[in-house]
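This briefing is intended to be read alongside the sequence and the model. Please keep both in view while working through the topics below.

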Amino acid sequence: METRFVGTAELVEAPSVAVVVDVMRAFTVAAWAFVQGAEKIVLAESLGDALALKARHPDWVALKDGPSAPGFDMVNSPGLLRSVALGGRTVVQKTTAGTVGALAVKEASLVLCAGFVVAEATARLLQTRESDSVTFVITGEDGQADEDLACAQYIARRATEARTDAARFLRRAAESRAAAELAEGVRQGVHPDDVALCLEVDRFPFAMVATLEGSLMVLRPRCGGPLGGLSSAPGGSG
Ligand SMILES: O=C(O)[C@H](CS(=O)(=O)O)OP(=O)(O)O
Ligand SMILES: [Mg+2]
C-alpha cells in the first residue's frame with residue numbers, strides 16, 4: 001500500500017482513498033457523538049451553512065469549534081459531549097481543520113475520518129479495501145500538526161503490520177502543540193479531559209465513513225467485516 005501524507009491545502013485532485021485525520025478534536029468528537037447515539041453527522045462548509053441547516057431542521061444539533069455561539073447547541077469537545085444524549089439525532093459539525101479537510105476530498109471514492117479512538121477499525125477497513133494507494137490528509141496546522149501526523153502514520157503502519165506499538169505515536173500526540181494549547185486554555189470550548197480522551201487508542205470499534213448524500217457530506221460509523229457487508233450504527237454508550 002502506497003501512502004502519502006498531505007495537508008488540506010496541498011490536495012490538487014481528489015484521491016481515490018482518503019483518510020482525513022483530526023485527533024484534536026473534530027473526529028474524536030465525531031466518534032463520541034456516534035457512541036452517544038447520533039445517527040449521522042453532516043459536515044458543514046461554513047458556520048453560516050451549519051446555521052442554515054439547523055434552521056431547516058430544528059431537531060438537528062449544531063456543533064462548532066471554539067467558543068459557543070448563538071444558534072449552536074454544542075462545542076467541539078469530547079469531554080463535554082460524552083454526557084449529552086444524542087439518540088437518533090443528526091449532528092451538524094463545523095470546525096476549523098477537521099471538517100474542512102473532509103470536505104476537501106469529498107469526490108474521493110472512499111473517505112474515512114479518523115483519530116486515535118478509531119485507529120484500529122480504520123486500519124482494518126483499509127486492509128479490507130486492499131487499496132494500492134491511500135492519501136492521509138493531515139488537517140491541523142497546514143499539514144504539520146504532529147498529533148494528526150502521528151495518528152496517520154500509526155494507522156498506515158497498522159494497516160500493513162499486524163503488531164504495531166501505539167506508544168511512540170501517542171507520545172508524539174501528547175507532546176503536540178494542540179495538546180499543549182488545549183491543556184493551557186489557549187483554545188476555547190474545552191473540557192479538562194479533552195486531551196486524554198483524544199489519546200485513547202482504539203477506544204471505539206468502528207470506522208467513520210463520509211459520503212456525499214445529495215449535496216451534503218455525511219459521516220456515519222461502520223463496524224467490522226468486509227467492505228460490502230459492513231454494518232452501521234455502533235449503538236450503546238461509552
Ligand atoms: O476544536 C479544535 O480543537 C480545533 C479548533 S481550534 O484549533 O481549537 O480553534 O478544531 P479542529 O477542526 O477539531 O481541529
Ligand atoms: Mg485538529
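Glutamate 141 is partly exposed at 30% relative accessibility, where buried means under 20% relative accessible area, exposed over 50% and partly exposed in between, with a 1.4 Å probe and protein chains only. The model is a predicted one, in which local features need pLDDT of at least 70 and side-chain atom pairs count only at pLDDT 80 or more, while totals for chains, interfaces and linings use all residues. Residues are numbered from 1 along each chain as its sequence is written, chains are lettered from A and ligands numbered from 1 in the order in which they are written, and side-chain values use heavy atoms, with hydrogens and water left out.

**Backbone geometry**

- Glutamate 141 is placed in the loop between β8 (133-138) and α6 (146-160); helices (H or I, at least four residues) and strands (E, at least two) are DSSP runs, numbered from the N terminus.
- The phi of glutamate 141 is positive, near 50°, in a residue other than glycine.
- Aspartate 202 likewise has a positive phi, of about 55°, although it is not a glycine.
- Most residues other than glycine have a negative phi, and most peptide bonds are trans.
- Methionine 24 and arginine 25 are joined by a cis peptide bond, with omega about 5°.
- Arginine 25 belongs to the loop between β2 (17-21) and α1.

**Helix α1**

- Helix α1 spans residues 26-35 and is mostly covered, as 10 of its 10 residues are buried.
- Among the buried residues of α1 are Phe27, Trp32 and Phe34.

**Magnesium site**

- Ligand 2, the magnesium ion, is coordinated at 2.2 Å by Asp22 (OD) and Met24 (O).
- Donors are N, O and S atoms within 2.8 Å of the metal (3.2 Å for Na, K and Ca); water is not among the atoms, so sites may look incomplete.
- Aspartate 22 is buried, with a relative accessible area of 3%, and methionine 24 is also buried, at 5% relative accessibility.

**Ligand 1**

- The residues surrounding ligand 1 include Asp22, Met24, Arg25, Asp65, Asn76, Thr95 and Thr96, a residue being near a molecule if one of its heavy atoms lies within 4 Å of it.
- A polar backbone atom of alanine 26 lies 2.9 Å from an oxygen atom of ligand 1.
- For glycine 98, a backbone N or O atom is 2.9 Å from an oxygen atom of ligand 1.
- An N or O atom in the side chain of arginine 187 is 3.0 Å from an oxygen atom of ligand 1.
- Ligand 1 exposes 360 Å² when taken alone, and the protein buries 84% of that; accessible areas come from the Shrake-Rupley method with a 1.4 Å probe, and for residues only the protein chains shown count as cover.
- The largest pocket holds ligand 1.
- On a 1 Å grid over the protein atoms alone, a pocket is an open set of points with protein on both sides within 12 Å along at least five of seven lines, and a molecule sits in a pocket if more than half of its atoms lie within 2 Å of its grid points.

**Serine 77**

- Serine 77 is located in the loop between β5 (74-75) and α3 (78-81).
- Serine 77 is buried, at 0% relative accessibility.
- The side chains of serine 77 and aspartate 194 make a polar contact (2.9 Å), that is, a pair of N or O atoms within 3.5 Å, where within protein one must be able to donate a hydrogen and the other to accept it, and residues adjacent in sequence count only if both atoms are side-chain atoms.

**Separations across the chain**

- Glycine 87 is in the loop between α3 and β6 (90-94) and is exposed, with a relative accessible area of 59%.
- Glycine 87 and arginine 168 are 81 residues apart along the chain, and their C-alpha atoms are separated by 36 Å.
- Aspartate 202 lies in the loop between α9 (194-198) and β9 (206-213) and is partly exposed, with a relative accessible area of 30%.
- From C-alpha to C-alpha, aspartate 202 and glycine 87 are 22 Å apart in space, and they are 115 residues apart in sequence.

Key
1 Å grid on protein atoms, 1.4 Å probe; cavity = no way out; pocket = protein on both sides within 12 Å on 5 of 7 lines; lining within 4 Å.
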